[in-house]
Amino acid sequence: MSENRNLTVISVLAYNNPAVLLRMTGLFYRRGFNIETMVACQTDRPSLSRLTVTMTGHNAEIRQVRQQLLKLEDIVKVDVLSIDDCSASELALIKVSATADTRKQVLNAAQAYGCRVLDIGENTITLEMTGRDEEVNRFVRYMQPFGIVEMGCTGVTALARGDTTIFEGLDG
Amino acid sequence: MSNHSDNRTVLSVLTYNRPSVLLRMTGLFYRRGYNIETLVVCETDREDLSRFTVTLSGDPDIIEQIRRQLLKLEDIVKVDVLHIDDCAASELLLIKVKAGNNRHDLLILSQAAGCRVVDIGDDSLTFELSGRSADVQAFIQRVRPYGILEMGCTGITALQRGDSTIFDSLI
Amino acid sequence: MKLNGSEILIECLLEQGVDTVFGYPGGTVLNIYDALYKNSHRINHVLTAHEQGASHAADGYSRATGKVGVCIATSGPGATNLVTGIATAYMDSIPMVAITGNVAVNLLGRDSFQEIDITGVTIPITKHNFLVKDVNDLADTIRLAFEIAQSGRPGPVLVDIPKDVSAAVAEYVPAPASKPRPINPPKPERLAQAIEILKQAKRPLIYMGGGVIAAGAYQQIRALAEKLDIPVCSSLMGLGGFPADHPLWLGMVGMHGTRAANIATRDCDALIVCGARFSDRVAGNPKGFAAGAKIIHMDVDHAEFDKNVQVTVRLAGELKEVLFTVASRLEETKRPEWIAACTANKVEWPAIPTDPEGPVDPSVILRTLRELTDRNTILATDVGQHQMWSAQFYPQYLPRHLLTSGGLGTMGYGMGAAIGAQFGQPDSRVVLVTGDGCFHMNLNELTTMVSHQLPVVVLVMNNRVLGMVRQWQKVFYEKRFSATDPERQTDYVKLAEAFGAKGLVIAKNGDILPVLSEALATDGPVVVDCRISKDANVLPMIPPGGSVENMIESMEAYEQ
């Protein structure tokens, strides 16, 4: 959900243990690295987790983040990618005011943007929007005049474009 | 991204927007040995507040214990405990599948599941799918025989159904 | 072979060649202490007065020997008492394995008696840490802890062992000692770039740090300096890595460094930074540090590059190998003019005063001590003015002979460190130079020295104030001496005697030689009350954030 265009994606492959998230967040906090989003998920390999971090920064800062991450014992691999070289998506749930008068307009807008309608309340409609951060941002701005009641978003997950994967260069 | 049939609990946590909150929360979960499934963070419309969505399964007593522990953190404003069925809850999956000679099959399969194709490689297709965990899991199982090259998932974000919001009863 | 967790731990320590551990028993390590009792003929346990002392002793042992130091503490307060020692080792990259007990696995997370999440607490101050929940993982975890502690940039690793895990039985299969992980050499194109810079350089300078000592790269750095005729300066942590009587030696660089070293950093056109990290105590003004130089940074830790100062070439790798490769690719060079320019800035020490009734000058104590002790003498220090005087007036000729908390600046470090060093190097003389402020922090460890009759000489530079803080108050706070004049009435001789040690006093200039000689001839711990003036300063001094232009060389001149 960042307004910034020059996002860097840091894809981290880590051993799957309960302390990894704590070690990473501790590192970011302690060193004052300003990350935008961080998401964690399992991978197809039971011992490995994938953490996707997005941040904006100079090359030297990003390099420093990468090198500091690589010092964590639990971390197997760190790939740094420009967001333009990734399929990078996030998901936002947006609860918009929708009275009897505006409901149709909201639904039309949702359709135009390819949103799913998840819930219709008496005075609100909950929409699910996915895509690149700028697409999601554009949609949020578009819906603002209707009145956004609340919102939840996931942060960005990203895969390198093409056939390459995060597992490349690993033994297995 | 969970294999559980959805009997999960959603903790919607409203916090002050400070760099240490994520560290304090992950530290609490680690220290107390609470097993969470997903945790996502985002900003809210109010500049001073962030929203954390945590999903977990477990005994109601433990969940109540977690809620109380969270509320002891100075940065936390409010914790809503919700059953996942009472929420509009979605996650997003990016999945890169080996295409081989099955490009056509995969495209049909993905269309049926409501996926977007976000990238076409020489020998791979990357799909984006969003929705409830069960739908996401089902799709992963469907494409697994073709060869999953890699995937990334966001974890779950959830809003209460109907008109109520996390800001209710806040001033 | 079936063993319980505690026996497995002892076997694994022995596998690693551990002969001495420092610790303190308690509820959750009872099983481990039982195994130590049964194995006391194979492994020596040193009981300290406080867990902090044990952590510093493990650190001092490691610094003096190059081996991994080991300390053991119980859960809760035992574990938290290790924290300062672990952080001290972390900041100075000292390999250490800290072993803590914890409550049984089923009691974790419930605020049980003496439970603390020590792995959570120590994440920022360890290279890595482990909570072992299954006895079957214990042996490999201990082995991995030693591997991590020694690999790359060394540092402390903590292993937390719940009480039921130390009691549970598992199959133990012996294994060889862990080896440090291999380190990749630098990229050839970067090496070529560095070589090119050094070929062009007219005024090169080496700035070395503790990394040279950790890597054991003393011969290599000396070979490079001599082949290319490059003067050498060092951070506090690097002292001893290059002999102080070498003609290319300029001294310590930074806030309290020598005039010669600091001017050389300003004037050099190529700076080789070797195992050092541009700490704010070296590069107070990172933008102005060696501003006219191309900087070649050699380090084993990739994350050090461009962290504090942007450099021209990054040479990541094992320092011995990097230094050797660089030296072997360059022709022998002589640059007498540059060397003469650098050494011209060396300041001669004033003559030692001869008036027997004159005041006690701390620099004279240290210079006399240097005369009286051989090069193998290990000097431990605490933190503050006496630490800087030790760095300035007790020149180091050999690595691993100056034990000092450089990164964390831990007051109270010295007593434990001296104990650890004496156990690690029983044939070396160990002298602790401390201040009255630091000594009061951990003087409890005097009891440990007495129990083991360690012949450690403790020189208390007693100015009856917290001298370094007071000096800063003098310079930056208009002499508002807040809380730095504690008016303590401690009688150091009686105190030493109460513990069972010897106590001596240096009250005037004429006492220095006879009292130091007597202390050094004593076979057991000695505390020497060195009564110095509270207005003795550490000079020169570059104020924080400043550079060599801002150097204060005389307090009188500064005050005007």
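1. How many Å separate the centres of domain 1 of chain A and domain 2 of chain A, taken over C-alpha atoms? In this predicted model, the separation of the two centres, taken over C-alpha atoms, is 29 Å; domain 1 of chain A covers residues 8-84, and domain 2 of chain A covers residues 87-157.

2. Turning to where these two domains meet, seven residues of domain 1 of chain A are in contact with five residues of domain 2 of chain A. On the side of domain 1 of chain A that touches domain 2 of chain A, the elements giving two or more residues are β2 (35-42) and β3 (48-55) of chain A, and β2(A) gives the most, with three residues. By class, that side of domain 1 of chain A has four nonpolar and three polar residues, and no charged ones.

3. Between chains, four residues of chain C are in contact with five residues of chain B. The side of chain C that touches chain B divides into one nonpolar residue, two polar residues and one charged residue.

4. Within chain C, which residues of helix α11 (residues 259-267) are buried? They are C:A260, C:A261, C:N262, C:A264 and C:T265, and what covers the buried residues of α11(C) includes the strands β9 (204-208), β10 (232-234), β11 (249-252) and β12 (270-274), together with the helix α13 (336-343), of chain C.

5. On confidence, chain C averages a pLDDT of 97, and 100% of its residues score at least 70, while the predictor gives the complex an ipTM of 0.92 and a pTM of 0.92.

Definitions and conventions
Residues numbered from 1 in each chain as written. Chains lettered and ligands numbered in written order. Predicted model: local features only at pLDDT ≥ 70, side-chain atom pairs only at ≥ 80, totals over all residues. Buried ≥ 20, exposed ≤ 12 C-beta atoms within 10 Å, placed from the backbone. Helix = DSSP H or I, 4+ residues; strand = E, 2+ residues; numbered from the N terminus. pLDDT = per-residue confidence, 0-100. Nonpolar A, V, L, I, M, F, W, Y, C, P; charged D, E, K, R; others polar. Domains from an automatic or database assignment.
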